[in-house]
Amino acid sequence: MRVNVALALSRALLLLMFKYGKMNYMILAIVLLPLLGGLSVCLVKKTGLKVPYLALTIAGATFASALFLLYSAANGIALEFSFELPLGTGLHLQLDKLSAYMACASSFLSFIIIFYSTGYIDDKEYETEYYTLVLVFLGAMMGLVFSVNLIWMFIFWEITAVCSWRLVGFFKKDGDRKAAVKTFLVT
């Protein structure tokens with residue numbers, strides 16, 4: 001059932017992209033879907049919906065979109081999204097075969113992590129924080145993979161570093177805190 005919902009969401013997203021001829025926005029969508037999904041997890045918690053299932057659906061839709069981009073890159077379709085800002089700091093995302101493969105690998109791993117963590121992240125107090133961090137990490141990883149601009153690559157890298165730091169020290173024990181600081185210093 002959960003997989004069907006994720007596939008239906010990604011299928012609807014693809015149909016909208018094809019209908020309006022905006023395939024270049026697909027790269028932006030694969031970055032924004034988990035980032036905005038992480039924020040929506042915070043809002044959904046207040047409505048009483050199951051946070052793990054929403055996070056799993058968002059990760060599944062991201063993975064399905066990454067598979068579509070891998071198929072597109074393998075067939076030679078070049079996609080690029082650009083948003084110009086002053087001083088050459090604009091957001092530039094580009095699809096190539098390597099970035100599509102890395103997006104598939106990282107989104108699949110995030111999907112598996114969320115799937116298996118639904119069993120042991122059952123603390124209702126910290127559940128929302130955990131799934132928000134994993135989804136923001138996934139969105140930043142997608143941005144890192146597709147980024148062409150070094151400035152944005154650094155920004156996405158730092159977002160993944162902060163999320164990694166918080167996820168490693170998630171249970172707030174002394175050993176976890178030391179490992180989290182070490183992880184942050186290494187990345």
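Me: Let us take buried as under 20% relative accessible area, exposed as over 50% and partly exposed as in between (1.4 Å probe, protein chains only). What kind of model is this?

Reply: This is a predicted model, in which local features need pLDDT of at least 70 and side-chain atom pairs count only at pLDDT 80 or more, whereas totals for chains, interfaces and linings use all residues. Residues are numbered from 1 along each chain as its sequence is written, and side-chain values use heavy atoms, with hydrogens and water left out.

Me: How many helices and strands does the chain have?

Reply: The chain has seven helices and two strands, in the order α-α-α-β-β-α-α-α-α along the sequence. Helices (H or I, at least four residues) and strands (E, at least two) are DSSP runs, numbered from the N terminus. Of the 187 residues, 43% count as buried.

Me: And Val-148, where does that lie?

Reply: Val-148 is in the loop between H5 and helix H6 (150–168). With a relative accessible area of 46%, Val-148 is partly exposed. Its C-alpha is 9.9 Å from that of Gly-90, at a separation of 58 residues in sequence.

Me: Is Val-31 buried or exposed?

Reply: Val-31, in helix H2, has 3% relative accessibility and therefore counts as buried. Val-31 and Met-142 are 111 residues apart in sequence, yet 5.3 Å apart in space, C-alpha to C-alpha.

Me: What about Leu-36, in that helix, H2?

Reply: Leu-36 lies in H2 (residues 25–45) and counts as exposed, at 52% relative accessibility. Leu-32, Leu-36 and Leu-39 form a nonpolar surface patch with about 270 Å² of accessible area together. Accessible areas come from the Shrake-Rupley method with a 1.4 Å probe; for residues, only the protein chains shown count as cover.

Me: What makes a patch?

Reply: Its residues have over 30% relative accessible area and no salt bridge; like charges are joined within 9 Å, and nonpolar side chains (Val, Leu, Ile, Met, Phe, Trp, Tyr) within 5 Å. A salt bridge is a side-chain nitrogen of Lys or Arg within 4 Å of a carboxyl oxygen of Asp or Glu.

Me: Turning to packing, at what angle do H3 and H5 pack?

Reply: H3 (residues 51–74) and H5 (residues 127–146) pack at about 10°, with their axes 9 Å apart. H3 is therefore roughly parallel to H5. Axes are lines fitted to C-alpha atoms, for helices over the stretch in contact, and angles run from 0 to 180 degrees between N-to-C directions. Angles under 35 degrees count as roughly parallel, over 145 as roughly antiparallel, 65 to 115 as roughly perpendicular and the rest as oblique.
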